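Me: I am new to this structure and would like a close look at a single part of it. Please walk me through what you see.

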There are 2 protein chains.
Amino acid sequence: MPPQKRADARRNEQTLLDAAASVFVTSGVDAPVRDIAAQAGVGVGTIYRHFPTRADLIVAVYRHQVDACAEAGPALLKEGPTAHAALSRWIDLFVGFLVTKHGLAAVLQSDNASFRNLHGLFLERLLPVCAQLLDAAVATGEIRTEISPYELLRGVGNLCAGVEGDERYDARRLVKLLVTGLRVAQPGDDVTPVA
Amino acid sequence: MPPQKRADARRNEQTLLDAAASVFVTSGVDAPVRDIAAQAGVGVGTIYRHFPTRADLIVAVYRHQVDACAEAGPALLKEGPTAHAALSRWIDLFVGFLVTKHGLAAVLQSDNASFRNLHGLFLERLLPVCAQLLDAAVATGEIRTEISPYELLRGVGNLCAGVEGDERYDARRLVKLLVTGLRVAQPGDDVTPVA
DNA sequence: CAACATACGGAACCGCGTTCCGTTTACGCA
DNA sequence: TGCGTAAACGGAACGCGGTTCCGTATGTTG
């Protein structure tokens, strides 16, 4: 069996998660690693022994909430009057999550190699759920779409980026518009082709 | 009258613009300032004397193209079968512009103070055009919208962020979806409210 | 051709993520 | 209980990017 981690190590890992969570809400997800270390009362080296990269720390902090979001999907599908309604509400949940974490959405789309993990976590957990909801809505004929779950998720994520303190921009409204765009075209609807 | 700039200064400014443009296409808009200086065969100091900030250099490089995009708006409105078609094509133009400049869209939404200028240029030139097209489409009843030109532009810009080498994500498709979502709901369309 | 303002180059600075290494400390065993 | 060792720690140091500063070079003007 693998040897136990030392007690202080386990304690520090939890301290770090708490410190990071706290710093993220006050200074945003972009907060410097040193700030988190300071808040936790440890050196930066300690952070990097527990979390190989800044992105991994972020992942660890938000894992619970991502899981919760993922689990809400099937539940909504049972409740909702229609599959499209469930999809819409689920996406609203997702948007709410992204929007309340300062800078999370922005960092999600950074193509920096070290953020692959973050991107990865979101995809791994949420993609199947999104796919399920999307399929259901397609099955009921509520959606006309050629869209893939991945594309939808990324699109929504992108729309939520950089919302900080711009009262002229309401990500929710745009996302709703996008989701509306997914709905089946009514007969007589003449979609104007683009060039 | 203000004294003439020195001849070498004017020459260098042009050299810098060319060098920057060239580096941007090969290394993306995120290319380090030093790379641009090297390509131009000047020191970094020279860049900063001509362009107070990295963002200002980017602005200068793309000003022409932004202008061209702005001017295309009214033209499309004259041509197009409908106002919504014109809007759709204009946005397609905008998307094409963003998507071909590696990382431009991403940098556009950075809330970093020094990128205000970039954001500003885009807004100043494109907002009126977008507003005009939007108004026209509202006037013809093709659009049901509560959306502001600003919000639309930002939404589109956001959708275009981080497109680099992700063949699973097609910004154009999502933007089209968004624009479709703007269209007037047909009678009998039961929009499912979100929570 | 001198004298001066203008422009230049690039070393230096700061903040950030990350790495490295000498020191400290928990834990198992005598 | 004391000791040896591996695990864990702290924080200085590194690389990189934007920006600033200042001594040097050069176009311009009389």
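Predicted model: local features only at pLDDT ≥ 70, side-chain atom pairs only at ≥ 80, totals over all residues.

How many salt bridges does the rule find across the interface of chain B and chain A?

Reply: Across the interface of chain B and chain A, the rule finds four salt bridges (a side-chain nitrogen of Lys or Arg within 4 Å of a carboxyl oxygen of Asp or Glu). Residues are numbered from 1 along each chain as its sequence is written, chains are lettered from A and ligands numbered from 1 in the order in which they are written, and side-chain values use heavy atoms, leaving out hydrogens and water.

Let us start with the charged pairs. A:Glu151 forms a salt bridge with B:Arg173, with 2.8 Å between the closest N and O atoms. B:Arg154 forms another salt bridge, with A:Asp166, and here the closest N and O atoms are 3.0 Å apart. That pair crosses between chains: B:Arg154 sits in helix H8 (residues 149-159) of chain B, and A:Asp166 in the loop between helix H8 (149-159) and helix H9 (171-182) of chain A. Over all chains, the count by this rule comes to twelve salt bridges.

Now for the interface as a whole. In it, 43 residues of chain B are in contact with 42 residues of chain A (contact means heavy atoms within 4.5 Å). The area buried between the two chains is about 3,700 Å², and carbon and sulfur atoms give 55% of that area; buried area is the accessible area, with a 1.4 Å probe, that two parts lose on being put together, summed over both.

Next, the chain behind one side of this interface. Chain A has nine helices and zero strands, where helices (H or I, at least four residues) and strands (E, at least two) are DSSP runs numbered from the N terminus. The C-alpha atoms of chain A fill a box of roughly 65 × 45 × 30 Å along the principal axes.

Helix H8 of chain A also packs within its own chain. Helix H7 (residues 116-139) of chain A and H8(A) meet at an angle of about 120 degrees, with axes 9 Å apart; axes are lines fitted to C-alpha atoms, for helices over the stretch in contact, and angles run from 0 to 180 degrees between N-to-C directions. H7(A) and H8(A) are therefore oblique to each other (under 35 degrees counts as roughly parallel, over 145 as roughly antiparallel, 65 to 115 as roughly perpendicular, and the rest as oblique). Their crossing is right-handed, meaning that the near helix is turned clockwise from the far one by less than a right angle, anticlockwise being left-handed. On the H7(A) side the contact includes A:His119, A:Leu123 and A:Leu134, and these residues face a group in H8(A) with A:Pro149, A:Tyr150 and A:Arg154 among them. By class, this contact has ten nonpolar, one polar and one charged residues; Ala, Val, Leu, Ile, Met, Phe, Trp, Tyr, Cys and Pro count as nonpolar, Asp, Glu, Lys and Arg as charged, and the others, Gly among them, as polar.

Over in chain B, helix H5 (residues 83-100) and helix H7 (residues 116-139) pack at about 155 degrees with axes 8 Å apart. H5(B) and H7(B) are therefore roughly antiparallel, and their crossing is left-handed.
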